[in-house]
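Trainee: I am new to this one and would like to look closely at a single part, the sheet and what surrounds it. Could you walk me through it slowly?

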Amino acid sequence: MGIVAGLDSSSAFTRMVVCDTETGAVLRQGYAPHPKEGEGPSSDVDPQSWLLSLGEAAAGGLLENVEAIGVSAQQNGLVPLDAQGGTARPAMVGGDKRAQVAAADLTAELGGREAWVRAVGCVPQPAQPVAKLRWLAKNEPENAARTAGLLQAHDWLVWQLLGRPVRRTTDRGGASGTGYWSAAAGEYRPELVELALGHRAVLPEVTGPAEAAGTTPEGLLISAGTGETMAAAFGLGVGHGDAVVSLGASGSVMAVHHEAAWDPDGLITSYADATGMHLPVVHTLNAVRALRGTADLLGVDLPELSRLALESTPGSHGLVLLPYLEGERTPRLPHTAGTLSGLRRESMKREHLARAAFEGMLCSLADALDVLRGRGVAIRRVFLLGAAADLPAIRAAAPMIFGAPVIVPEPADYAALGAARQAAWALGVERGTLDRSAPPAWGGAAGTHLEPGEELPVGQAVRQQYTAVRDQTHPDAFGGGTPA
């Protein structure tokens, strides 16, 4: 038996798990918040705060007898380095609304959305490093000129753990989110860095999924590391045919696929995963925020909204809510508003509006699933993540609306677990006990399994009702038909 550790350095904290290499059983855990710095989605952060948090999380002998460490970290955290390896400016993290104009400018300059999709599998978004580079060039030209190398958060942490060697590394998953690496081609597009920054910069070497980034002087192996999304998928144990639906204020749908999946309209972001496969993702702007808005309107909390919804019946007595409250990304309707359709005297009841909110949100996410299906991505079961997944109304409606079995995993530090699993893989390859093509066979996530069963035709009818209203209200939303 060996012992490995996985750490997840998120936007607010570091979580660590120490696991058995053979079974994945968690032996010890650690936690520490990041020191407080900036506020909001466009904060600048001193990367040293990530190291301070890591040290605190590992205190008390947490890493005793650990033989390898894997690193997961927040995605889209750009760390610009000067020629000496110091930070040219603080790291740019989060959604960073400052870069909205920069993303739009880059999209136009390369020739539009399809040109970017063909180049790197995605269209620039304000959160992505490529857009942040353009913002830097336009707003901080002196810092841009000093920028000689580029890392992301997990790259920087791995580099620090290894003692800042000459060789800097990343992994396929992290690289695929930069906006200047193509998951389909498996290579950088350095000319896109130059387009954004004004000059080229040194980019980290992309290592394979089972490769080690290096070994510390003390003999501790450090695996490649990856972004939080990829680490969480690896920790969940998702594989080909699995999709993950994440319920935050906004929503995301991702699935494991054997090749890069892209959409000419840019609805799909073509990530690579942590295993050598691909992880296409579709985002929606409105998920739980649509539920909270309805709850506020009715003067209730989310549990009460769920209880009310279950007093109604599938189809909400003809009420349909298109939950595009903040505009929408899938379908691409950035300037639209939500729509409530089907108002009749008998449908104007609290429980029917509550039900329509849940069904509208889930149908919108089902549209996102269909975007993936329409590009050949197989979806045989769905993992449902987020605190809202515990609401009874969601558990009752999700399987029949998604048209697939749903698994609601038990709460766990899945990104940290994925990082630990990656460390166990690299360690096994190093010792000759594991193959590069097969990660350690840890058990998948435990959770509640929900089947659509006899309710599947009911769910199809709910979706048909929703689709009819969507296509009548926004006839060009998906080219005049369903996204599939």
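Mentor: Happy to! Let us begin with one term: two strands count as paired if DSSP finds at least two bridges between them. Please also keep in mind that this is a predicted model.

With that in hand, look for an open sheet of seven strands, whose order is β18-β19-β17-β16-β22-β23-β24 and whose pairing is mixed. Its edges are held by β18 (268-272) and β24 (447-450); each has a single partner strand, so one side of each is left without a neighbour in the sheet. On average, neighbouring strands here are turned by 25 degrees against each other, if direction is ignored. Helix α9, made of residues 228-236, packs on this sheet. The strands that α9 touches are β16 (242-247), β17 (251-255), β18, β19, β22 (381-385) and β23 (406-409). The direction of α9 makes about 115 degrees with that of β19.

How enclosed is β19? Six of its seven residues are buried, so the strand is largely enclosed by the rest of the structure.

Let us return to α9 and see what else it meets. Its axis and that of helix α14 (residues 414-431) come within 6 Å and cross at roughly 75 degrees. The two helices are therefore roughly perpendicular. On the α9 side, the residues in contact are Glu228, Ala231, Ala232, Phe234, Gly235 and Leu236. They meet Tyr414, Ala415, Leu417, Gly418, Ala419, Arg421, Gln422 and Trp425 in α14. Sorted by class, this contact has nine nonpolar, three polar and two charged residues.

UniProt, in an unreviewed entry, lists residues 243-427 as "domain: Carbohydrate kinase FGGY C-terminal". In the model, this stretch is 37% helix and 20% strand, with its end C-alpha atoms 28 Å apart.

For another helix pair, move to α2 (residues 100-110) and α4. Their axes come within 8 Å and cross at roughly 105 degrees, so α2 and α4 are roughly perpendicular to each other. In α2, the residues in contact are Ala102, Ala103, Asp105, Leu106 and Glu109, and they meet Val130, Ala131, Arg134 and Trp135 in α4. By class, that contact has six nonpolar, no polar and three charged residues. Helix α4 itself (residues 129-139) is mostly covered, with eight of its eleven residues buried.

Finally, here are a few backbone details to pick out. Most residues other than glycine have a negative phi, and most peptide bonds are trans. Asparagine 65 has a positive phi near 70 degrees, and you will find this residue in the loop between α1 (48-57) and β5 (68-73). Asparagine 76, which is not a glycine either, has a positive phi of about 70 degrees; it sits in the loop between β5 and β6 (78-81). Are these two asparagines buried or exposed? Asparagine 65 is exposed, because its relative accessible area of 58% is over the 50% cut-off. Asparagine 76 counts as buried, because its 15% relative accessibility is under 20%. The last stop is the peptide bond from threonine 330 to proline 331, which is cis with omega near 0 degrees. Proline 331 lies in the loop between β20 (320-322) and β21 (339-341).

Technical notes. Residues numbered from 1 in each chain as written. Predicted model: local features only at pLDDT ≥ 70, side-chain atom pairs only at ≥ 80, totals over all residues. Heavy atoms only, no water. Helix = DSSP H or I, 4+ residues; strand = E, 2+ residues; numbered from the N terminus. Axes fitted to C-alpha atoms, helices over the stretch in contact; angles between N-to-C directions. Contact = heavy atoms within 4.5 Å. UniProt positions renumbered as here; feature names shortened; annotations may be inferred. Buried < 20%, exposed > 50% of the residue type's maximum accessible area, 1.4 Å probe, protein only. Parallel < 35°, antiparallel > 145°, perpendicular 65-115°, else oblique. Nonpolar A, V, L, I, M, F, W, Y, C, P; charged D, E, K, R; others polar.
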